[in-house]
Amino acid sequence: MKSLTKKDLFIEGHWVPTEKRFAVTNPATGETISEVADADAELTERAINVAEQAFSSWSKTPTQERVKLLRKWYQAMMDNQQALAEIMSAEQGKPVAEAAGEIAYGASFVDWFAGEAERINGDILPHTEAGKRVMVMKQPIGVCAAITPWNFPNAMITRKVAPALAAGCTIVVKPPQLTPLSALAIAQLASEVGIPDGVINIVPSTDAKTVGKILAESPKVRKLSFTGSTDVGKVLMSQCASNVKKISLELGGNAPFLVFDDADLDEAVEQLIACKFRNAGQTCISANRVLVQASVADKFIEKLKPAISKLKLGVGTDDVDLGPLVNQDAVDKVNRLVKSAVDNGAEVVLGGKVDSDLGELFYQPTLLTGVTGEMEISEEEIFGPVVAVSTFDDEQQGIERANDTPFGLASYFCSRSVDRIFRVSEALEYGMVGINAGGISHAFNPFGGVKESGIGREGSKYGIDEYLEIKTVTLGGL
Ligand SMILES: O=CCCC(=O)O
């Protein structure tokens, strides 16, 4: 087996160096861990052309052959789980154990979509005219592009690449500048297990605007899937409009986490901690606004305090619960939101600053109370380890506050009453609702949002449809 630490572009099964390179740093230490090749417009076009050539044979490869290769790729990721987790932790900062969890989560999309490849079935429909039948065929959409974020350097790639390959599509991936190494490592494994050259191409780049525009505007690319900010998603969507490209967007969120007066408060605390502190809060489905019914707020906060206090912050290679934030911009944003909340009357109960003994990117697990819906911290995605608690009086007000945002990705609530569970889950304007559950992500769940949180669903039995076209074939003369 070759080393999984790769630093060049991956195009047509070859490692392609470039003269211009960029540094990838370890957020825990500030050290440069690699100098990675930097794709420009020409290399991006080359990757698209290669994916187009590979499409003609991959799309015709028998399903069972594609399934076999996907299952081998899944197994290779699991066999190398620890090595991949160490690469991820070094470039992204999350604890190695958590990174290993992400590798299993990421690999599970490959396994899941290998299964879905076996169930791409068409239909034969009756026709109103005698002597006619209608066949519905499902065909791979063509060359795909994926633009992925730094917070889940493995799973956000596999959640797009696996259904694309399962459907018979080829793909060009632009991984994030901050975490390209995880992407290149799984490309190496794909190559080792025999996924044909050109089926997966990886083009890390510092010029995200140019590469993104080429991928969005190229008529050779028939589908673009993006996970990232709403602002960038809107730009890509307008660029994709130039050739009416199919697009999936998984964008920003502002997840409410409601605790009702009939909740099991111990369970609510446990689920909130799991949800909020995953990846140090740098998760698009992280609880952003913790809304607690006023009558149970004091009791809830008393239970929450010790649970947050015992979280261990530190370097990802140690036995810790959370690592550093990804870079200084991330820390600056959290500092700004916390300061503005405090200036407007919120109280810091725990944390509220960087732990500079550990380093400048290590933000302490933080609890803020007295937060209101008007504060910036309630309107923006915090993307850091800050629990911002506000209160509401009754169910109706809780739902209104929860829906009072242009975003609609994930939402959560805790309640033990069956009628409330149905009422509230129907009333929440979100693509995903966790009830007494802070963990809602699985390969078999549809993942995606409404409103400005995106378009389309990833994972699940629905996820493969994003990579397929439906063709209606009417047969006469029967
Ligand atoms: O942050 C985005 C995705 C996280 C997940 O898949 O649970």
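Predicted model: local features only at pLDDT ≥ 70, side-chain atom pairs only at ≥ 80, totals over all residues.
Started at the ligand: one of its oxygen atoms sits 3.0 Å from a polar backbone atom of Cys-284. I count a polar contact as a pair of N or O atoms within 3.5 Å; within protein, one must be able to donate a hydrogen and the other to accept it, and residues adjacent in sequence count only if both atoms are side-chain atoms.

Residues are numbered from 1 along each chain as its sequence is written, and side-chain values use heavy atoms, with hydrogens and water left out.

A polar side-chain atom of Arg-159 is 2.9 Å from a ligand oxygen atom, and one of Asn-151 is 3.1 Å from a ligand oxygen atom. Then I checked burial: the ligand alone exposes 240 Å², and the protein buries 100% of that (Shrake-Rupley areas, 1.4 Å probe).

I listed the surroundings (a heavy atom within 4 Å). Among them are Tyr-105, Phe-152, Met-156, Glu-250, Arg-278, Thr-283, Ile-285, Ser-441 and Phe-447. The shell splits into 6 nonpolar, 3 polar and 3 charged residues; Tyr and Cys count as nonpolar here, and Gly as polar. Domain 1 (9–251 + 453–474) and domain 2 (255–442) each give the shell at least three residues, with bounds from an automatic or database domain assignment.

Moved on to the sheets. My strands are DSSP runs (E, at least two residues), numbered from the N terminus, and two of them pair if DSSP finds at least two bridges between them.

I found an open sheet of 7 strands with mixed pairing, ordered β14-β15-β16-β13-β12-β18-β19. Its edge strands are β14 (347–350) and β19 (432–435), each pairing on one side only. Neighbours are turned by 25° on average, direction ignored (axes are lines fitted to C-alpha atoms, angles from 0 to 180 degrees between N-to-C directions). Inside it, β15 (366–369) and β16 (386–392) run parallel, joined by 3 bridges, and Leu-367 stands opposite Val-387.

I also noted an open antiparallel sheet of 3 strands, β5-β6-β22. β5 (123–126) and β22 (468–475) are at its edges with a single partner strand each, so one side of each has no neighbour in the sheet. β5 pairs with β6 (133–140) over 4 bridges, where Pro-126 stands opposite Arg-133.
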